[in-house]
Every structure is written in structure tokens, then in C-alpha cells.
Amino acid sequence: MSFKIKAFLAFAGLAFAGGAALAQKQPIIGLITKTETNPFFVKMKEGAQAEAKKVGAKLMTASGKKDGDTASQITAIETMTAAGVKTILITSTGDAIIPAVKKAQEKGVQVIALDSPFDGADALYATDNYKAGILIGEYAKAALGAAPAKIAMLDLFPGHPVGAQRHNGFMKGFGLQALDAKSNDLSKTAETVCAGDTDGNQAKGQTAMENCLQKNPDINVVYTINEPAAAGAYNALKKAGKEKGVIIVSVDGGCAGVKDVSKGVIAATSQQYPLKMAAMGVAAGVEYAKTGKKATGYVDTGVTLIANKMIKGVDAKDVKTGTQLCWGKA
Amino acid sequence: MTPKTNSPWGAVPWTALGPWLALLAACLFFATQTERFLTGENLSLVLQQVMVVGVLAIGQTLIILTAGIDLSCGMVMALGGIVMTKFAIDFGLHPALAMVCGIAVTCLFGLLNGLLVTKVKLPSFIVTLGTMNIAFAVTQIYSEAQTINNLPPMLTALGQTFSIGSTEVAWGTCLMIILYALVWRGLVDTAPGRHVYAVGNNAEAARLSGISVDKVLIGVYVLAGFFYGLAAMLSVARTGVGDPQAGQTENLDAITAVVLGGTSLFGGRGIVLGSLVGAVIVGVFRNGLTLMGVPSVYQTLITGILVILAVAADQMSRKGSR
């Protein structure tokens with residue numbers, strides 16, 4: 001009996017504490033990432049936590065179990081809305097979350113897309129992935145010079161907007177015929193002699209590159225969706241004795257990736273800034289809690305080309321700059 | 001390997017030929033589509049690409065032969081890979097000793113699975129669903145989700161190749177083939193091997209004939225863990241890093257390989273070499289379709305169809321033999 005009373009008192013105490021927190025009007029901001037494990041999202045979460053602490057907001061976090069796990073993200077949106085969160089920052093892992101986002105918005109929640117765009121978000125703070133693609137495309141073209149291009153495209157997986165934007169942007173930057181930034185399809189030309197899906201994963205990147213080399217041993221440019229896939233591609237090239245003279249370009253700018261640029265494994269990478277996305281999102285959440293004014297529109301959080309060798313006519317920063325701005329462990 | 005009617009585990013049905021025929025058909029098809037397919041170099045590559053799944057599938061075959069299933073194999077492998085690379089880098093342990101530690105961890109997970117299945121009498125599906133999540137979480141926590149780089153050469157030695165004529169063959173491929181040969185003969189020629197089939201066929205009958213069912217089962221799970229540890233060595237050697245994201249696709253791919261290879265999910269029937277064929281079939285489709293320039297999602301589609309065909313064939317032959 002006494003245990004029950006204690007439990008009841010404890011419960012009442014918790015409820016009271018919760019009420020007190022609400023009464024103080026400390027804004028609660030929710031952050032939902034694609035996974036807990038990718039260093040990109042780990043850094044984003046750290047950035048959001050630091051910013052929330054600075055401005056006196058409370059941060060709730062959740063994530064999918066893996067890329068494409070929209071079910072967990074939807075559950076998190078619902079839970080956070082029920083918990084009284086007024087702003088949700090989310091890196092969408094698929095458009096299946098849109099109806100849940102709409103429902104949250106109807107209850108007065110501001111929903112801001114970080115990193116990955118989707119229809120119906122109040123605002124978007126993200127890398128311009130098409131531009132990220134263009135930068136490495138231009139670099140690869142300049143580095144290759146006049147030789148005829150034989151390009152391997154190591155993509156993410158079919159149907160993801162970020163994968164399509166980087167792919168098509170790369171081709172545009174390379175001077176090939178390419179779809180625009182809104183397309184979710186992948187461009188193909190005679191120069192792109194091989195394409196494979198990597199899921200952004202090193203082992204799969206290696207397998208895809210090995211098979212591409214079988215298809216065309218003369219591949220001289222490799223586009224990769226991210227740096228783990230690039231590391232896998234390099235492994236495959238090295239095993240085939242072809243690592244010299246093949247230009248690998250990538251996107252992300254994590255510290256491990258920048259280190260690969262310094263070693264010449266990756267020729268150039270487009271660096272993006274997850275900390276900035278998170279900090280801007282938290283600031284917008286606090287602003288909404290204070291003034292009731294929602295954030296709108298798209299803010300480009302910037303992208304910088306980090307290259308091993310500077311090439312005349314291409315605007316790039318060196319590895320030193322890249323290392324100062326990178327995220328995750330090297 | 002041709003089916004023998006007087007084989008120690010009873011009649012091998014004609015369907016046991018299925019996976020070999022499917023592999024042959026796939027190879028013939030791709031050979032007509034692209035001249036690059038049927039080269040020694042390309043075929044050696046396919047074997048390198050399936051060595052991790054192939055060795056995982058040995059452990060998985062042992063468990064499925066006892067009418068169990070192991071959903072944790074890929075995650076346990078990933079943990080083993082992280083342990084061996086982190087021990088070598090962080091503690092400066094001798095690479096050989098680090099590998100032993102990694103394999104010890106995967107064996108321990110096998111022991112845990114085996115004890116829960118036998119002593120607590122939980123279904124293997126549920127036990128390994130639990131240990132799959134535990135192994136995944138421990139891997140992420142211990143590695144802080146970071147890839148482990150700059151490995152000593154010994155850890156990547158199995159990924160190196162040697163030449164037979166103009167064809168480069170990986171040491172890891174050889175290890176996989178040797179392991180298959182050993183397990184195949186071990187299952188057929190030794191008493192413990194036959195006990196595995198007996199327990200899978202009918203555990204109660206096996207107990208009545210004096211076989212210690214629990215000992216056989218625990219032995220099978222620990223041995224499976226041992227093979228996951230070897231698969232971890234191969235995975236580390238192949239990619240050259242300790243990857244906390246390893247094993248996620250291999251987890252179900254190993255079960256797919258076993259099923260494609262004709263081992264019955266109801267236990268007691270199957271040939272371990274079939275699992276190798278099953279793994280190679282998946283690799284051949286991935287490779288062949290890339291050479292043809294077909295998107296890889298079609299590989300997934302074909303794998304799905306083949307899995308259903310394989311299970312249906314097993315089911316039909318079971319009905320027929322009753």
C-alpha cells in the first residue's frame with residue numbers, strides 16, 4: 001500500500017514538475033534525424049544541443065533506425081507534438097512523413113526541414129546539393145583536361161532527392177547534359193559509362209566500383225555520393241592497380257573525408273555544414289516561441305569545395321581550411 | 001556434388017539440383033549478354049564480393065539445419081570486426097591476438113544465443129531478434145559510430161590477392177572455399193555432424209536415441225558464432241577498415257543465401273555447399289546486371305523471386321516425400 005502511495009506521489013511530483021516547466025515557457029524544440037549513427041547527424045545533434053543550452057531552450061531528440069526509416073520519424077513527430085513541442089527540426093528520410101508533418105502544423109507546430117527538403121515544410125536550412133554537385137563536376141572536368149571522360153556514377157539509392165541533386169549537379173558542372181535541380185531522376189549520357197547504388201556505404205561502394213571496372217576498365221572519373229562510398233571506390237581502384245590517374249570526387253566534408261582529400265584518395269569534396277543547419281533551426285524555434293512568427297523560405301547553409309590540388313580557374317579551398325571546418329573524427 | 005540416394009541424411013530430393021541449375025542458367029545468360037562476364041578476373045571478383053556473406057552463411061546453415069534461425073549474424077559480425085580493429089589500434093594489441101579477441105566475442109554471442117534457446121527454451125527467432133539489437137547497439141556505443149582506419153597489414157592480409165595465370169585470387173576466397181569443404185565433410189562424415197541433422201529432423205527422436213540435444217544445439221550456436229568471427233576478419237580485410245555499419249545488408253543476405261541453396265527452413269535437410277551457391281547466385285546477378293547497365297533494384301527483385309521459388313520447391317518436395 002505504502003509503495004502505491006509513494007508511486008502516486010512520485011507521479012504527481014513529475015506531473016507538477018512538467019507543469020512548472022510549461023509555466024516557465026521554456027521553449028521545447030524537437031530534433032529528428034535520419035539516424036543516430038552517421039557522424040553528420042551526431043554533429044548536427046551536438047550543434048543543436050549547444051545552441052539550445054546557450055539560448056535556454058529545451059531540446060528533445062529522436063531519429064530513425066536507418067536511412068529510409070520513415071515510420072520511426074512519423075512516430076517521433078506525433079510523440080513530440082503530444083509532448084508540447086512547438087518547433088520540430090527534421091532531416092526527412094522520405095516523403096512519407098509529409099501527412100504527419102501537416103497534422104503537427106495544424107496543431108500549431110512549426111516544422112523546419114534541415115538538410116533534406118520536402119514539400120510543406122515551413123522553412124528549409126540545407127546545403128544546396130545541386131550546387132555541391134556542380135562544384136565537384138567543374139573540378140573533375142578541369143582536372144581531367146582534354147581527355148575523353150569515362151565516368152562511374154556511384155549513387156545513393158533510387159528516388160532520394162539529395163542523391164538526384166548531387167548526381168545531376170555533378171553532370172551539369174562537368175558540362176554534360178543534365179536534369180535540373182528539381183528532378184528526382186538520374187541523368188545518363190554516353191560519358192557516364194557505369195552507375196551503381198552504394199547506400200552511402202563503404203563496402204557497397206567498393207563492390208559497385210569493382211563491378212564498374214569490369215564493365216569499363218578505362219574509367220577515369222568517379223563521382224561518389226559521399227566519402228565512405230569514395231573510400232570504397234578507392235579500395236577497388238587500388239586493388240585493380242588503377243588508383244593513380246583516376247579522379248574521385250565526393251560530397252560531405254566530414255573530417256575522415258577531408259583527411260582522405262589530404263592523402264589524395266579523394267581529389268575534391270564539397271563540404272557542407274550540419275552545425276550551422278542545427279543552430280539556425282534552434283534559433284528559429286526560439287524566435288517562434290517568443291514572437292509567434294514562423295520562419296519561411298530556404299536558407300543555403302553554404303558549401304565549400306575542398307581540394308587536394310588547386311587547379312587554375314576553379315575556386316577551391318585547401319585541406320587546412322577543410323580540416324578547420326569539418327565534423328566528426330578523422 | 002551430385003545428390004546421392006544413399007547419403008547419410010536420407011534421400012536428397014531432385015530439388016537439391018535447383019540452385020546449381022539456377023546458377024548455371026544465370027551464368028549462361030550473362031555470358032551471352034556481355035563478353036566481360038565470363039573472364040577469370042570477373043568470376044574471381046564475384047567470389048571476393050561474396051566471401052563475407054558466404055562465410056556468414058556457413059554459420060547460418062548450421063543453425064537452420066537444426067530448424068532454428070539466426071537474425072543476429074550480421075550484427076554480431078560487425079561487433080567482432082569493431083573489436084578486432086579497435087583492440088589492435090586503441091590497445092596496440094598484436095593483430096593476431098586482436099583477431100582472436102574479436103572471434104571470442106562472436107563466439108560468446110553464439111553461446112548466449114545457444115543457452116537462451118536450450119536452457120531458457122526460447123524460440124531462436126526471438127532470441128536472435130534480441131541479440132541482433134544488442135549487438136548492433138553495443139557496436140555503435142563502443143565504436144562511437146566511427147570507422148576505424150589505418151589498420152596493421154595483418155588485419156587486411158586476407159583481402160590481398162595472388163595470381164593464378166592472369167587471374168588475381170584473394171586469400172579470403174580460398175579461406176571461404178576451405179571452410180565450406182571442411183564443414184561439408186564434417187557434417188557428412190562425423191558423428192557430431194550427423195547429430196546436427198538428427199536434431200533438426202526430429203529433436204525428440206534424437207533425444208530418445210541418446211543424443212544430447214542441448215549439447216548439439218549449444219555447440220551449433222557457438223560454432224556459428226565462430227564463423228561470424230571469421231566473416232568479421234574477411235569483412236575487415238576486404239574493406240580495409242573497421243566499419244560499424246558493416247553487416248546490415250549481409251544479415252538477411254546470409255539467410256537468403258542459405259534458402260537459395262536449398263537448405264530447408266524446417267530443419268534436418270540441406271547441403272552446406274548449397275549455401276555457397278546461394279551466395280554466389282546473388283553476387284552473379286549483382287555483377288552481371290551492372291555489366292549490362294541494369295539498375296541494381298532489379299537484382300533485389302530477382303533475388304526475391306528466387307527465394308520464393310526455392311522455398312516452394314522445398315515445400316513441394318516435402319509433400320511429395322510424405
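**Loops, helix contacts and aromatic pairs**

The model is a predicted one. Ala67(B) has a positive phi, near 70°, although the residue is something other than glycine. Is Ala67(B) buried or exposed, or something in between? Its relative accessible area is 41%, so Ala67(B) counts as partly exposed. Buried would need a value under 20%, and exposed a value over 50%.

Asp115(A) is not a glycine, yet its phi is positive, about 70°. Asp115(A) also belongs to a loop, the one between β4 (110–114) and β5 (123–126) of chain A. Here the relative accessibility is 5%, so Asp115(A) is buried.

Where does Thr91(A) lie? It is in the loop between β3 (87–90) and α4 (98–106) of chain A. Its relative accessibility is 0%, and Thr91(A) therefore counts as buried.

Phe40(A) and Phe41(A) make one of them, with 5.3 Å from centre to centre and 90° between the planes. That pair is edge-to-face. Phe40(A) has 3% relative accessibility, so it counts as buried. Phe41(A) has 4% and is buried as well.

Chain B holds another edge-to-face pair, Phe226(B) with Phe227(B). The ring centres are 5.8 Å apart. Why is the pair Phe226(B) and Phe227(B) called edge-to-face? The planes stand at 65°, and angles over 60 degrees fall in that class. Phe226(B) is partly exposed, because its relative accessibility is 32%. Phe227(B), at 5%, is buried.

Chain B also has an aromatic cluster, made up of Phe29(B), Phe30(B), Phe37(B) and Phe285(B). Now to the helices. Two packed helices are described by the angle between their axes and the distance between the axes.

Helix α7 of chain B, residues 171–189, packs against α12(B) at an angle of about 150°, and the axes are 8 Å apart. Angles over 145 degrees count as roughly antiparallel, so α7(B) is roughly antiparallel to α12(B). On the α7(B) side, the contact uses Met176(B), Tyr180(B), Val183(B), Trp184(B) and Leu187(B). On the α12(B) side, it uses Val272(B), Leu273(B), Ser275(B) and Leu276(B). By class, this contact has eight nonpolar residues, one polar and no charged.

Helix α12 of chain B, residues 272–292, also meets a helix of chain A. The partner is α7(A), residues 202–215. Their axes come within 9 Å and cross at roughly 50°. The two helices are therefore oblique to each other. Their crossing is right-handed. From α7(A) come Thr207(A), Asn211(A), Cys212(A), Gln214(A) and Lys215(A). They meet Arg286(B), Asn287(B), Thr290(B) and Leu291(B) of α12(B). What classes of residue make up the contact of α7(A) with α12(B)? Two are nonpolar, five polar and two charged.

How values were computed: Residues are numbered from 1 along each chain as its sequence is written. Chains are lettered from A and ligands numbered from 1 in the order in which they are written. This is a predicted model: local features need pLDDT of at least 70, side-chain atom pairs count only at pLDDT 80 or more; totals for chains, interfaces and linings use all residues. Side-chain values use heavy atoms; hydrogens and water are left out. Axes are lines fitted to C-alpha atoms, for helices over the stretch in contact, and angles run from 0 to 180 degrees between N-to-C directions. Helices (H or I, at least four residues) and strands (E, at least two) are DSSP runs, numbered from the N terminus. Angles under 35 degrees count as roughly parallel, over 145 as roughly antiparallel, 65 to 115 as roughly perpendicular and the rest as oblique. A crossing is left-handed if the near helix is turned anticlockwise from the far one by less than a right angle, and right-handed if clockwise. Contact means heavy atoms within 4.5 Å. Ala, Val, Leu, Ile, Met, Phe, Trp, Tyr, Cys and Pro count as nonpolar, Asp, Glu, Lys and Arg as charged, and the others, Gly among them, as polar. Rings of Phe, Tyr and Trp (its six-membered ring) pair if their centres lie within 6.5 Å; planes under 30 degrees apart count as stacked, over 60 as edge-to-face and the rest as tilted. Buried means under 20% relative accessible area, exposed over 50%, partly exposed in between (1.4 Å probe, protein chains only).
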